[in-house]
Amino acid sequence: MINDKLHKKILIAPLDWGLGHATRCIPVINGLLQKGVEVCIATSGAPEKLLKAEYPQLKFLHLPGYGIYYGKNGVMWQLLRQIPGIRRHIWTEHAWLQQTIRQHGFHGVISDNRYGLCSSRIPSVLISHQLNLQLPSWSRIARPLVQKVLYQQIAPFGECWVPDQASEADSLAGRLSHPKKLPDIPLHYLGWLSRFKQPENPPPRENALLICLSGPEPQRSLLEAQIMMQINEIDQPVWLVRGLPGEPVLPPVPAHVTVYNHLPSAQLQELMLRCSLLVCRSGYSSLMDAFSLQTPIVCVPTPGQTEQEYLAQRLEQKGWAPMQNQDTLNLKALVENGKKQGQNKQREVPVSQLSENLDRWLKCF
């Protein structure tokens, strides 16, 4: 029986920029459900397909995505050209939220990097590790202005939840989540937000390579094409997860390769626990998942995506995970050096502050 004091209706809305924002909302959703909270999810596209597979019993509202497109070259210029459209979308989703609150009677909203989903009528939370955007060196002069605009977008929220540790030295995100000057709203560091949890008795590692693709197009497909050209050279089992929830067609592959368009969390966790090496993007959610399971990992940042490049370089410098550039990726060499790759420092999984933070927040209204 639900405790009436805790019976609240909460709207959760992840950004559609890849699948990472959706996957790191899974522990938040689970935490709310365990506390007897009624959860509704607002999203669209691939994140909607992923979360519907995880939560077929929950209510979903259609909220159009930003439709971010990287392009094959000049990623930063592509993003800059899309800024006017992004700003218009933020205003549109803000108006959508006000109408949705009136229609459904939500008591609170949790937004993962969607800056329009804040309201003065109900408590609103922003989940973000991006408090200090990493820009190309040529844009150094614009950094103060970019930081000011970013904090203007964060300011209307009641508080910000950071999926990282409070200590920068031990954190995964480094200076991304630890700016010199913090936003003016309350900030709460939650530890890592991963949908995975290390079991007490994990299965033994197998001599198998796991490749997980993710992120916006066309870079996801470009990396997949490069992997497909090299996959015949691998003489051990390969598990390829394409990051395409809802896609019915599988590509032809050699006998030693098993392909999945998408896997539910439980099955993906099993593969990550069993594989000897994981090759994936250095998206922040992917890193939290891999490090939560202490899976040996090689990071392949999306070309021109400055945050992923920074994260991959940081992890390599700390000896936590090696980095490979997409244009020089050599799967055979990675497998041959697998033992060496697996000798990176094992990070101790930090204690999560999520449950205590949810208890605190739910008492606010």
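This is a predicted model: local features need pLDDT of at least 70, side-chain atom pairs count only at pLDDT 80 or more; totals for chains, interfaces and linings use all residues.

1. Residues are numbered from 1 along each chain as its sequence is written, and side-chain values use heavy atoms, with hydrogens and water left out.

2. The protein chain has 12 helices and 12 strands, taken as DSSP runs (H or I of at least four residues for helices, E of at least two for strands) and numbered from the N terminus. Of its 365 residues, 56% are buried, where buried means under 20% relative accessible area, exposed over 50% and partly exposed in between, with a 1.4 Å probe and protein chains only. Among contacts (heavy atoms within 4.5 Å) with a separation of 6 or more, 68% join residues 24 or more positions apart.

3. Gln305 lies in the loop between strand S12 (297–299) and H9, and is buried, with a relative accessible area of 14%. Gln305 caps the N-terminal end of H9, with a side-chain oxygen 3.0 Å from the backbone nitrogen of Glu307. After H9 comes Gly319, whose phi is positive, near 75 degrees.

4. How do helices H2 and H12 cross? The axes of H2 (residues 26–34) and H12 (residues 354–362), as lines fitted to C-alpha atoms over the stretch in contact, come within 10 Å and cross at roughly 60 degrees. That makes H2 oblique to H12, given that angles, which run from 0 to 180 degrees between N-to-C directions, count as roughly parallel under 35 degrees, roughly antiparallel over 145, roughly perpendicular from 65 to 115, and oblique otherwise. The pair meets through Pro27, Val28, Gly31 and Leu32 in H2 and Leu354, Leu358 and Leu362 in H12.

5. Arg87 lies in helix H4 (residues 75–104) and is partly exposed, with a relative accessible area of 42%. Not counting residues up to four places away in sequence, Arg87 touches Val149 and Gln153, while its C-alpha atom is separated by 9.3 Å from that of Tyr115, 28 residues apart along the chain.

Technical notes
A polar contact is a pair of N or O atoms within 3.5 Å; within protein, one must be able to donate a hydrogen and the other to accept it, and residues adjacent in sequence count only if both atoms are side-chain atoms.
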